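I opened the notebook to look up a few side chains and helices. Here are my entries, in the order I took them.

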Amino acid sequence: MALLDICRHQDWKAILTPFGAQNFSVSCGSEVSCDEFKVPVGVDPSTFMNTLSENDGKLKLQFNHGTTTLAFKFQHGVIVAVDSRCTAGKYIDTQYFKKVIEINPYLLGTMSGSAADCVYWERVLAQHCRIYKLRNKEEITVSAASKLLSNMLAGYRGMGLSIGSMICGWDKKGPGLYYVDENGTRLSGNMFSTGSGHSYAYGVMDSGHRYDLTIPEAYDLAQRAIYHATHRDAYSGGTVNMYHVKQDGWIKVSQEDVGELYQKYLFKRK
Amino acid sequence: MEYLIGIQGPDFVLVAADTVAASSIIQMKHDYDKMFKLSEKILLLCVGEAGDTVQFAEYIQKNVQLYKMRNGYELSPDAAANFTRKNLADYLRSRTPYHVNLLLAGYDDHDGPALYYMDYLSSLAKAPFAAHGYGAFLTLSILDRYYKPELTREEAVELLKKCVDELNKRFILNLPAFNVRLIDKHGIKDLEKLPLATTSTS
């Protein structure tokens, strides 16, 4: 590697690729995985994507959007809750989509926005986290993992990626929660919600959240917040998948259908 | 939405920024720091498009630090400001321009305090006082009216409070808190956050 750096006086990759493919290269520090997409010369990815969705009558592709995800910190760690509805425009693809990626036993990533983008890029992140562990013999911190994701996405700025993700975990600095999105925002905080139903989830979370919640109270709050968002937002629904990140790793708390939750809360209110 | 302000005195620069990180109608973070420390006596205040701010500011920050590592001494505020402007200008007509508005504040041991105003079109101006954001429309006239070049630190903080009071009174958006820092020959110092917790503004 060092010798290559010294000898490299010209970008030999650009010369060797056939048809003069333009390399919008974002070097992510790992030679092993190829995260660089070669795009044909003269094609701007985002305008190309727009033509697919605007075409009247002919081919009209609508990419998966619509979600509610949330995560908050409290005295016993981090609670993560997501819905599981996957939509393409008006059509519901599936009610049982996994919107939480288990990166390693201490790290979780949530997904909102375009399903394909999220699934791909968070798996690339998981790859990098694994390589980090192999190289450094310790788990990657939440801060570093979120920065890796953020820098990867920053390279594709303006090209039409749609990712709103929260990286949640527990590392040597304690519980960690970061929000990362496709325009390069990376925020550390105590409470975030993303997706089309995020405002409804914020409403319930903010009014019920305290740092000193007990564990059952925290589970209830997270579940209620997602449930209320699925009730009001057409693009969220299915089931509520809930995880709890503790010091010794995350556990999957529950998976409950929102229809059953509706009956449960309706009964309680009466 | 976002607000930056800087006031230069005879031997100091006072800077303040709001602490809200917003995404459309939601305040995602209430305690977000928009100031980036370039060196012991230089601060870069950066607002603008979501990811661009952090990416650009950190890029400048790391390059200024690299200069110090390579050469053994730090860039002066004037040099750092011009370096920043050059980078902004180079990216302006590229595929990915950075939409960021900046204030660069610093203290040079030879030339004294300096405040630079930069905008997303990469214009650069050295100014005795400056502001960015919608709040600037309300506060620049206050700065014009009450600023004097030989103002003391206390007078500068009072002037800053006048500006913040005006925003609380007339600005349609809620800016609940501001980070305030002072740069002088001793370095960068954190001052009390505004508005003060005890006082209430109607």
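**Entry 1: Asp83(A).** I looked up the side chain of Asp83(A) and found a polar contact with the side chain of Lys99(A) at 3.0 Å. By polar contact I mean a pair of N or O atoms within 3.5 Å; within protein, one must be able to donate a hydrogen and the other to accept it, and residues adjacent in sequence count only if both atoms are side-chain atoms. A polar atom of the Asp83(A) side chain also lies 3.0 Å from the backbone nitrogen of Gly237(A). Asp83(A) sits in the loop between strand 4 (77-82) and strand 5 (86-88) of chain A. Helices (H or I, at least four residues) and strands (E, at least two) are DSSP runs, numbered from the N terminus.

Is Asp83(A) buried or exposed? Asp83(A) is buried, because its relative accessible area is 0%. Buried means under 20% relative accessible area, exposed over 50%, partly exposed in between (1.4 Å probe, protein chains only). Beyond four places in sequence, the contacts of Asp83(A) include Thr67(A), Phe97(A), Ile226(A) and Thr230(A), where contact means heavy atoms within 4.5 Å.

**Entry 2: ground rules.** The model is predicted: local features need pLDDT of at least 70, side-chain atom pairs count only at pLDDT 80 or more, and totals for chains, interfaces and linings use all residues. Residues are numbered from 1 along each chain as its sequence is written, chains are lettered from A and ligands numbered from 1 in the order in which they are written, and side-chain values use heavy atoms, with hydrogens and water left out.

**Entry 3: helix 7 of chain A.** I then turned to helix 7 (residues 215-232) of chain A, which has 18 residues. Among its buried residues are Ile226(A) and Thr230(A), along with Ala222(A) and Tyr219(A).

**Entry 4: Arg181(B).** In chain B I looked up Arg181(B), which is found in strand 11 (residues 178-184). Arg181(B) counts as buried because its relative accessibility is 14%. Its side chain makes a polar contact of 2.4 Å with the side chain of Asp190(B), and another of 3.4 Å with that of Asp33(B). Leaving aside neighbours within four places in sequence, Arg181(B) also touches Val13(B), Met35(B) and Leu43(B), among others.

**Entry 5: a helix pair in chain B.** Which residues of helix 3 of chain B meet helix 4 of chain B? Leu138(B), Ile142(B) and Tyr146(B) are among those I noted from helix 3, and Leu159(B), Cys163(B) and Glu166(B) are among those from helix 4.

Conventions. The expected span of a helix is 1.5 Å times one less than its number of residues.
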